[in-house]
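Open the model in your viewer and keep the sequence panel beside it.

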Amino acid sequence: MSDFTSNFWSLFVAGISVVSIAACLLLLWITARKKVPFQSDNTTGHVWDEDLREMNNPLPIWWVGLFILTVLFSIGYLVVYPGLGSYKGTLGWTQVGEYEGEVTEANQALAPLYANFTALPPEKLAGNAQAMAVGERLFMNNCAQCHGSDARGSKGFPNLADADWLHGGSAEKISETLHQGRIGQMPPMAAAVGTPDDVKNVANYVLSLSGSPHDSLRAALGKSKFGVCAACHGVGGKGNPALGAPNLSDDIWLHGWGEAAIVAMVNNGKTNQMPAQQGKLTEAQIHVLTSYVWGLSNKPAVTP
């Protein structure tokens, strides 16, 4: 990572730029000083293949002028814009500033539209067709990369279109998740559970909670060892939304199901992160996105 955080590459590119401009200036100076002797027939006296003669035709003035203007433009550009290492340029222009300015301008233009949406609570706004069309675009641009265009997620990314929620599926909880993000952590528990055989027994007991295929003998042996898991998942494995601990008694598996998957989870643990959208999206956009996500699992009637 040091290659990407050091100042070497910016200085390297700046050096190439300066050397290139200097080389162009040197080329202009050399060609301006060099006088090519020519004959009375306007040739230089160089002959190839017996009759191919080099004419002494100088470059057109417009071409030379354009070359000089290009060099001058390059120098001027590097003075006013950042292009030489840490030099910021006289205009103080940055890509971040340009982006933020465009975002601010777009948000101001859309403010009247969002003002109509923020007056309604998410549960009612989820029935507004215009708001949901906006919410869908917000979802596609900011959420679909992880949760999929249909919001049904994939391995490691929750399905937002069902009724299974790690932290609760109310509009308030969805808004909280969008604002603050989430960090879900399952610590490695193998040492607390016991031997590798004990871990397999617990895995089969967890499978039995949801009626999934399992070894009934191992499940019976693993029930007593499940106590260390019950601190987060509850005695019956129903989960705990306050901790983000998933329900182990349904048939929904975020990181894959089966003995091997559960054993790997107990042995290695897992950390998941949902990035916070506060600061990236406006309050009005988060309000509309909350309504859209809430509507995916509650499916309210949408009216024009």
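Colour the predicted model by pLDDT, the predictor's confidence in each residue, from 0 to 100. The protein averages 91, and 97% of the residues score at least 70. Residues are numbered from 1 along each chain as its sequence is written. Because this is a predicted model, local features need pLDDT of at least 70 and side-chain atom pairs count only at pLDDT 80 or more, while totals for chains, interfaces and linings use all residues; side-chain values use heavy atoms, with hydrogens and water left out.

Next, switch to a cartoon view. The protein has 14 helices and four strands; these are DSSP runs (helices H or I, at least four residues; strands E, at least two), numbered from the N terminus.

Select residues 2–5, helix H1, where confidence is lowest, at a mean of 59. Where pLDDT is low, the predicted coordinates should not be read in detail. Then select residues 171–180, helix H8, where confidence is highest, at 97.

Zoom out to the whole protein. Its C-alpha atoms fill a box of roughly 110 × 55 × 40 Å along the principal axes. The radius of gyration, taken over C-alpha atoms, is 34 Å, whereas a compact globule of 304 residues would have one near 19 Å; the globule rule is 2.2 Å times the number of residues to the power 0.38.

Now select Trp48, in strand S1 (residues 43–48).

Trp48 and Ile75 are 27 residues apart in sequence and 40 Å apart in space, C-alpha to C-alpha.
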